Amino acid sequence: MEVSTEEGYFHRYAKKFRRTVTPKEFEQFACLASDEERFAFVNELKWRVVNELPLEQSLDKGKFLDQALQHKVNGDRLQRDEDWSGALKCYNQSYLLLPEESALEKAHLLDNRSRVLLQLGKLDQSLEDADRAIAYGYPAEQLATIWERKARIFQSKKDFKAAVECFDQAVHYLAHRSTLPAKERDERIEELQKLTDTVYYQYKNVQKYLEPPKGTRPFQPHLDGSVLYDSTEAEGRFAKAKTMLRPNQIILKEKPHAATLLQEYSGTHCSDCFERIEVLYCCRSCTDVVFCSGRCERNGCGSYHRYECGYLGTLWKSGATIVSLLALRVVTQKPYAYFNEIRQDFPGLTASVTDRLPDDDYRKVFNLVTHSDKRSAEDYLVWTLMATMLNSVLRMSNYNPEPQEDNFLGYLLLHNLQIINYNAHDVSEVQRKHSNETGISVAVGAALYPMLALFNHSCDPGIVRYFTGTTVHVRTIKNIAPGAIIAENYGPLYTRMSRPERRQQLATNYMFDCNCQACAADWPTCANMVHSVIRFRCTGAGCREAVPYDLHSDCQGVRCSACGHIVDVGERIRMLREASMISRFNEASHLYQVGLFEHALAKYAAIMMILDEVLVPPYRDYHMCQQGMRRCCLDLGSCYVSCPGSEK
């Protein structure tokens, strides 16, 4: 993948820069042996055409008071009409567009959104909006209504202690700041005090039975004990099975080291966790990113976004691809002091050290494959130039307040570009227009997963990956014998693409010649499979080779060319018939259609076990069963229906 598209200004800048490089300078660059030297060389020359690089912090960050207030007016109207979902969408858009200095407008908006969220049953989000409305300076004379709402929410959540405290606050503001007529005010205070006494009585009576509140359980990455990482000179590092792996076994669950959204999803998905936005939170200064919760907002704005704010728009205009944006994110999510502290560890890193590190440790990903020895000097020049542009973002955003004399950050960015290009994965969600139609898997961003990155490719993969937000889940979709490589798929499947096409694509994008079983034996695509020939598995002792059999033949026994054993074909066919494969497959398909994905997976896995015992791929039924498992897995992940209320 390239570091930029041809549409953006970086492509034009790179072409003009290349023309300024003399043949002698290019020869000098081509002879450089390290990324540190390459970055320093290009960083010194880039000033020749620096005026062609319009990289600056955007002054127009998308906040417009007039537009925000109009969305609020629309939301208020929809709220009166009890169109809660429509009102929430308008309030979300208003919140996104409100400038930070419009504190009072934000306070009123968040109060209104809190009311709508309460109607939608989103109690925690309603509480958070109420707290934010107070923090933004909601008028004191009206605060009693917010505290009463909070009290009633806590009461419904059976948090009676918090409810009593909020009722007390409501009474306080009614007594001291309310502008209600005295009689009406006193009646409201008396009513709330009675309610407070009732809730306090509930609190005292159930206090001894209440369990202490449970905190949020931290995410625990999971790597199955049957998975072992090994390495060879030819294959590099790869995952293999330590013991027998069966279909439908969850072998990996991992959060990314870093992740970033595609531009087209930056307004609909959370920048931090990639969940679809229901209740919108945002950066106080720009509209380039949105968040799904206060927690994600604090995490994003407190780390990477503080350095990317105001620059994302110009990076998108530059044509910088997801590879470049993710290479930058790897750096901006950590402070400069972190990288400076661990930089001396880079030269001596080994697998025995990095395997013990957590996924968020940069040293965990530093040694992932870069294929730097296979890259042409022309490509390297463009990639290094992109690193200088990304480094300019860090410099202008004051990422490192100290003067940088050794180009360390530029070197990291160039190294990251290469890591990302060959190790990152698209993060996808299943999208469908109607709930009853087949969905398609669509990439919404990209992420770097340290453990998943070590899985090698096969055009006949043994696993499928799917995503919930940014978390990746990996399940097996066939038997994987002890000692065998656990292979995923980098794009081309043997069932859809011919061997020359697959090998060409893999060599271009990943710089290796594929020699997986499907490529070595040149398996046919699904469309070209001969369905009248079945490849039975040899039943001879210790032999698992394929024994081809023509269904038009009357022969009941076929000799294995590998071991000489005669396979009783009639018995094998009877075994398949007695297993009722067609009815089992139809039952699994029905379970999928009605949304029972785990049950369907179990049925498909049982079919796979029988098929694998009797037959050897490639053949259509094996492929169809694996496709059924893939569909189920994808639907267990992030899904989006654009028209949920209607059917085709």
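Biologist: How much space lies in the second largest cavity?
Modeller: About 40 Å³. Keep in mind that this is a predicted model.

Biologist: Which residues line the second largest cavity?
Modeller: The lining is made of C459, D460, P461, L493, Y494, T495, H623, Q626, Q627 and R630. By type, that lining divides into 4 nonpolar, 4 polar and 2 charged residues.

Biologist: How many cavities does a search of the whole structure find?
Modeller: There are 3 of 30 Å³ or more. The largest cavity holds about 110 Å³ of space.

Biologist: What lines the largest cavity?
Modeller: T260, L261, S266, S271, D288, V289, E308, L312, W316, L325, L328 and R329. Two or more of the lining residues come from each of β5, α13 (312-318) and α14 (322-332). Helix α14 has the largest share, with 3 residues.

Biologist: And how do those lining residues of the largest cavity divide by type?
Modeller: Into 6 nonpolar, 3 polar and 3 charged.

Biologist: On to strands. What is the order in the open sheet of 4 strands?
Modeller: The order is β1-β4-β11-β10, and the pairing is antiparallel. At the edges are β1 (222-223) and β10 (463-468), each of which pairs on one side only.

Biologist: How many bridges do β10 and β11 pair over?
Modeller: Strand β10 and strand β11 (residues 471-476) are paired over 6 bridges, in the antiparallel sense. In that pairing, F467 stands opposite V472 in β11.

Biologist: Which helix packs on the sheet there?
Modeller: Helix α25 (residues 620-636), which touches β10 and β11. The direction of α25 makes about 20° with that of β10.

Biologist: What do β2 and β3 form?
Modeller: They form a hairpin with 3 residues between them. Strand β2 (residues 227-232) pairs with strand β3 (residues 236-241) over 6 bridges, again antiparallel. D230 has F238 in β3 as its bridge partner.

Biologist: Last topic, the backbone. Which peptide bond is cis, with omega near 10°?
Modeller: The one from P617 to P618. P618 is placed in the loop between α24 (597-614) and α25.

Biologist: And what about phi at N248?
Modeller: N248 has a positive phi of about 75°, although it is not a glycine. Most residues other than glycine have a negative phi. N248 is in the loop between β3 and β4 (250-254).

Biologist: Where is N407 placed?
Modeller: N407 is in the loop between α18 (377-396) and α19 (408-423). Its phi is also positive, at about 60°, and N407 is not a glycine.

Biologist: Is N407 buried or exposed?
Modeller: N407 counts as buried because its relative accessible area is 17%, and the cut-off for buried is under 20%.

Conventions:
Residues numbered from 1 in each chain as written. Predicted model: local features only at pLDDT ≥ 70, side-chain atom pairs only at ≥ 80, totals over all residues. Heavy atoms only, no water. Pairing = 2+ DSSP bridges. Contact = heavy atoms within 4.5 Å. Axes fitted to C-alpha atoms, helices over the stretch in contact; angles between N-to-C directions. Buried < 20%, exposed > 50% of the residue type's maximum accessible area, 1.4 Å probe, protein only. 1 Å grid on protein atoms, 1.4 Å probe; cavity = no way out; pocket = protein on both sides within 12 Å on 5 of 7 lines; lining within 4 Å. Points joined across faces, edges and corners; volume = space filled by probe spheres on them. Nonpolar A, V, L, I, M, F, W, Y, C, P; charged D, E, K, R; others polar.
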